[in-house]
Amino acid sequence: MKKLKKADIILAMCLIIAAFALFITFYLFKTSGKKVIVRQNNKTVYSGLLSNDNQINLKHNTVVIKDNKAYMKCADCKNQICVKTGKISKSGETVVCLPNKVIIEIE
Amino acid sequence: MSSKQSDNRNRVTAVCIYALFCCACLIFGYVESVIPTTLIAPGVKLGLSNSVAILLLINKDIKGAFAVNTARILLSALLFGSPFSLLFSLTAGVISIIVSALSFKIKALSPIGVSIIGAVTHNIVQIIIACFVVSLGCVYYLPILVVSGVVTGGAIGFLAMLLFEKLKKIL
Ligand SMILES: [Zn+2]
């Protein structure tokens with residue numbers, strides 16, 4: 001049987017290095033976002049400026065926008081991953097609550 | 001037995017084996033839907049079904065790999081998915097199998113390397129589609145999806161090699 005070859009390892013290393021380089025480039029060039037969009041079941045339920053402090057109370061989640069940052073303040077989902085994600089402010093960043101199908105997105 | 005009869009019999013056997021592989025892929029798809037890998041980042045998947053495609057490619061059955069791969073994507077979309085998810089899975093699935101089949105021509109690579117190329121291609125294509133239909137912000141998932149493609153692709157390639165050793169008698 002053809003086992004793992006040297007070229008496989010080189011390929012894997014190259015891809016991981018490329019991914020790491022991309023990650024750093026994205027991190028350096030990420031711009032602060034301006035707009036917050038909250039979606040529930042793929043429908044936009046809130047859309048406003050990040051500089052606009054606000055609290056959005058949904059059925060199962062509470063989204064807070066404060067000091068140019070957005071975060072999930074509380075949620076009734078089991079895993080609490082959305083709450084643990086923390087605060088987001090850069091464009092493209094998201095907080096996702098998969099069980100309740102709620103997404104906070106910065107644009 | 002005349003050669004025509006034996007030819008027919010071979011074709012029936014082949015159809016049965018492909019159908020079995022399709023079923024196995026659907027089960028793999030269900031197993032994956034239970035494991036919450038998408039929590040790492042949207043689009044992160046084990047790609048267990050891909051082991052079947054790689055297995056057929058190891059057996060130099062490019063047509064079979066293409067047929068089983070396309071059939072299982074259409075079937076799982078029909079059973080569990082939506083037209084929206086089909087757009088992602090079919091485009092990414094077809095492109096990644098073409099790239100995998102081509103990279104099998106590279107003699108220096110083992111099936112593990114080929115599987116890595118296939119998985120990474122699959123993930124990159126999905127991100128490109130997501131950039132068009134969801135939002136450009138999806139591009140930020142590219143690094144994590146490339147890394148996950150390397151890890152899962154490698155594991156799936158290894159699995160496919162083990163399966164080939166076990167199954168080569170019936171193929
Ligand atoms: Zn949640």
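I looked up two cysteines of chain A first, and both C77(A) and C82(A) are buried. Buried stands for under 20% relative accessible area, exposed for over 50%, and partly exposed for what lies in between, with a 1.4 Å probe and protein chains only. I note that this is a predicted model, in which local features need pLDDT of at least 70, side-chain atom pairs count only at pLDDT 80 or more, and totals for chains, interfaces and linings use all residues. Residues are numbered from 1 along each chain as its sequence is written, chains are lettered from A and ligands numbered from 1 in the order in which they are written, and side-chain values use heavy atoms, with hydrogens and water left out.

Which residues coordinate the zinc ion? I found C77(A), C82(A) and C97(A), each through its SG atom, at 2.1 to 2.3 Å. Along the chain these donors follow the spacing C-x4-C-x14-C. Donors are N, O and S atoms within 2.8 Å of the metal (3.2 Å for Na, K and Ca); water is not among the atoms, so sites may look incomplete.

I searched the whole structure and found 0 disulfides over all chains. A disulfide is a pair of cysteine sulfur atoms within 2.5 Å. For C25(B), the nearest cysteine sulfur is that of C22(B), 6.2 Å away. Is C25(B) buried or exposed? C25(B) counts as buried because its relative accessibility is 3%. I also checked C131(B), which is buried with a relative accessible area of 18%.

Most residues other than glycine have a negative phi. I therefore wrote down N42(A), which is not a glycine but has a positive phi of about 65°, as most residues other than glycine have a negative one. N42(A) lies in the loop between strand 1 (35-40) and strand 2 (43-49) of chain A. Strands (E, at least two residues) and helices (H or I, at least four) are DSSP runs, numbered from the N terminus. With a relative accessible area of 70%, N42(A) is exposed.

D67(A) is not a glycine either, and its phi is positive at about 50°. I placed D67(A) in the loop between strand 4 (61-66) and strand 5 (69-75) of chain A. D67(A) is exposed, at 56% relative accessible area.

K43(A) belongs to strand 2 of chain A and is exposed, with a relative accessible area of 59%. I looked up its C-alpha distance to T62(A), 19 residues apart along the chain, and got 16 Å.

Helix 3 (residues 62-79) of chain B has 18 residues. From first C-alpha to last it reaches 26 Å, close to the 26 Å expected at 1.5 Å a residue, where the expected span is 1.5 Å times one less than the number of residues. Its buried residues include G64(B), V68(B), R72(B) and I73(B).

V99(B) sits in helix 4 (residues 83-103) of chain B. At 27% relative accessibility, V99(B) counts as partly exposed.
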